[in-house]
Amino acid sequence: QRQMCIRDRMTLAVQYKGERVASHEARKHCGWYISGVRGAAQLRRRAGELQTLDDIKRMAEDVVKAAAE
């Protein structure tokens, strides 16, 4: 469910605000979705490097994998 929330929210943000602004905002939002997940500190560091929608989608997949562990 987290992956879908992150991906859907950021896809809409890209449509309305553009990829540059949306990816900047995603850095903050990903921190919220990541809390409580094993390896959250490392994932938050990666979230600070998000640049594109593809980066966001990869990050969402990694969050799901980490939550499953």
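Where does Gly39 lie? You'll find Gly39 in the loop between α2 and α3. Keep in mind that this is a predicted model.

**Helix α2 on its own**

- Helix α2 covers residues 19–34, and there's a bend of about 35 degrees at Arg27.
- The buried residues in α2 are Ala22, Ser23, Ala26, His29, Cys30, Gly31, Tyr33 and Ile34.
- Here's a handy bit of background: an α-helix has 3.6 residues a turn, so residues three or four places apart point the same way.

**α2 against α4**

- Two packed helices are described by the angle between their axes and the distance between those axes.
- For α2 and α4 (residues 53–68), the angle is about 10 degrees and the axes are 10 Å apart.
- Angles under 35 degrees count as roughly parallel, so that's the label for α2 and α4.
- On the α2 side, the contact is made by Glu19, Ser23, Ala26, Cys30, Tyr33 and Ile34, while α4 brings in Leu53, Ile56, Met59 and Val63.
- Sort the residues of this contact by class and you get eight nonpolar, one polar and one charged.

**α3 against α4**

- Helix α3 takes in residues 40–47, and α3 packs with α4 at an angle of about 180 degrees, with the axes 11 Å apart.
- Anything over 145 degrees counts as roughly antiparallel, so α3 and α4 are roughly antiparallel to each other.
- Leu43, Arg46 and Ala47 of α3 make this contact with Met59, Asp62, Val63 and Ala66 of α4.
- By class, the contact of α3 with α4 has five nonpolar residues, no polar ones and two charged ones.

**The loop between α2 and α3**

- Ser35 lies in this loop, and Gly36, which follows α2, has a positive phi near 85 degrees.
- Ser35 has a relative accessible area of 42%, so it's partly exposed.
- Gly39 also counts as partly exposed, with 40% relative accessibility.
- Ser35 and Val63 are 28 residues apart along the chain, and their C-alpha atoms are separated by 9.9 Å.
- Gly39 and Ala67 are likewise 28 residues apart along the chain, with 8.9 Å between their C-alpha atoms.

Definitions and conventions. Residues numbered from 1 in each chain as written. Predicted model: local features only at pLDDT ≥ 70, side-chain atom pairs only at ≥ 80, totals over all residues. Heavy atoms only, no water. Axes fitted to C-alpha atoms, helices over the stretch in contact; angles between N-to-C directions. Helix = DSSP H or I, 4+ residues; strand = E, 2+ residues; numbered from the N terminus. Parallel < 35°, antiparallel > 145°, perpendicular 65-115°, else oblique. Contact = heavy atoms within 4.5 Å. Nonpolar A, V, L, I, M, F, W, Y, C, P; charged D, E, K, R; others polar. Bend = angle between axes of the 7 residues up to and from the residue. Buried < 20%, exposed > 50% of the residue type's maximum accessible area, 1.4 Å probe, protein only.
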